[in-house]
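Please look at how this chain packs, and at the spaces it leaves inside.

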Amino acid sequence: MARIFIVGSGVVGTATGKGFIAAGHNVTFIDIAPERIEALRAEGLDVRDRIELADEPPSFVFLTLPTPNVGHRYDLSAFEAGTASVGEALKDATAVHTVVVRSTVPPGTTEGLVKGLLEERSGKSVGEGFALASNPEFLRAASALDDFRWPWMTVIGSRSVRTIERLRELLAPFGGAMHTFADPAAAEFVKCAHNIFNATKISFWNEMWLVARELGLDLDPIAQTVARSAEGSFNPLYGIRGGAPYGGVCLPKDTQGFLGFAEGISVEMPLLRAVVEVNDRLTEVLAREVDTWDATSSTPAPAEPAAAERNAVTPVTDAA
């Protein structure tokens, strides 16, 4: 049975803590909102308004603090305040505790903001006075507890092999695929890209819906068919190889041609236009790199791969 602290007891924190409790672990929730503290205590849960680690055995401290956006940036003020409080608690700790960033944060936060704050406030160094890892959540608000107890995927990132193994031992019993990374920023990037990919897919079909509506077509059966016909839908490894623009005949022809078709029926397609622009930009980048190689190396530059090869993907494997 592990000793666990949940710092920030909103939807993610509450689901995480309750999931650990259901698995038999000793969990304490930390929050500063009086109404949330009262509600959780009414459920018979151990809730406190501050974290104290002075007399605690080696514990896991999960940071599940809010990280909302303000315009085009993350607001990490609440996250920073909660992290600072954990650093103060580590100052008085005699055991080595493991701090786990579970909030969705921009890549580099764990080893930047969190590590710096914890070391500053505790006077201790990561790897000696405390351990540090990223373990982003993949919980849906409507089914957060079920998603935690029966995850389809768990992601862990840490510089410490031992820390990764300890988190594996803690989380593996819940099931699901396990993916580990030696750089916490990679784990943080996974979560951001995960959400952005979902948002992009929704916007893609909304853009297609605008065209279908203009044509008097019902998009639902069209989209359901494409979900089975397009390799990008049924093959999760298709198109994920970065630095490889699409080529060949069909993809350039139909992306460019459909843009003109949509303009002809007065439908703006900014997402499709961006798809074309990104592909053009990558093609230019690769061309410049080949030119640079030619100018600086006596070794012949690698030949540009054929379209089919550029669109091929490399299977993803567990980094552990």
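The lining of the second largest cavity divides into 3 nonpolar, 3 polar and 2 charged residues (Ala, Val, Leu, Ile, Met, Phe, Trp, Tyr, Cys and Pro count as nonpolar, Asp, Glu, Lys and Arg as charged, the others, Gly among them, as polar). These residues are V101, S103, T104, V105, S134, P136, E188 and K191. A cavity is a set of points on a 1 Å grid over the protein atoms alone where a 1.4 Å probe fits but cannot get out, and lining residues have an atom within 4 Å of a point.

This is a predicted model, in which local features need pLDDT of at least 70 and side-chain atom pairs count only at pLDDT 80 or more, while totals for chains, interfaces and linings use all residues. Residues are numbered from 1 along each chain as its sequence is written, and side-chain values use heavy atoms, with hydrogens and water left out.

The largest cavity is lined by 15 residues, and R102, F148, P151, M153 and T154 are the closest to its centre. By class, 10 are nonpolar, 2 polar and 3 charged.

Helix α4 spans residues 110–122, and its T110, V114, L117, L118 and S122 are buried, meaning under 20% relative accessible area with a 1.4 Å probe, protein chains only. They lie on the same side of α4 because they cover an arc of only 110° around the axis, taken from the directions from the helix axis to the C-beta atoms. Helices here are DSSP runs of H or I with at least four residues. Just after α4, G123 takes a positive phi of about 75°.

Definitions and conventions. Buried < 20%, exposed > 50% of the residue type's maximum accessible area, 1.4 Å probe, protein only. Helix = DSSP H or I, 4+ residues; strand = E, 2+ residues; numbered from the N terminus. 1 Å grid on protein atoms, 1.4 Å probe; cavity = no way out; pocket = protein on both sides within 12 Å on 5 of 7 lines; lining within 4 Å.
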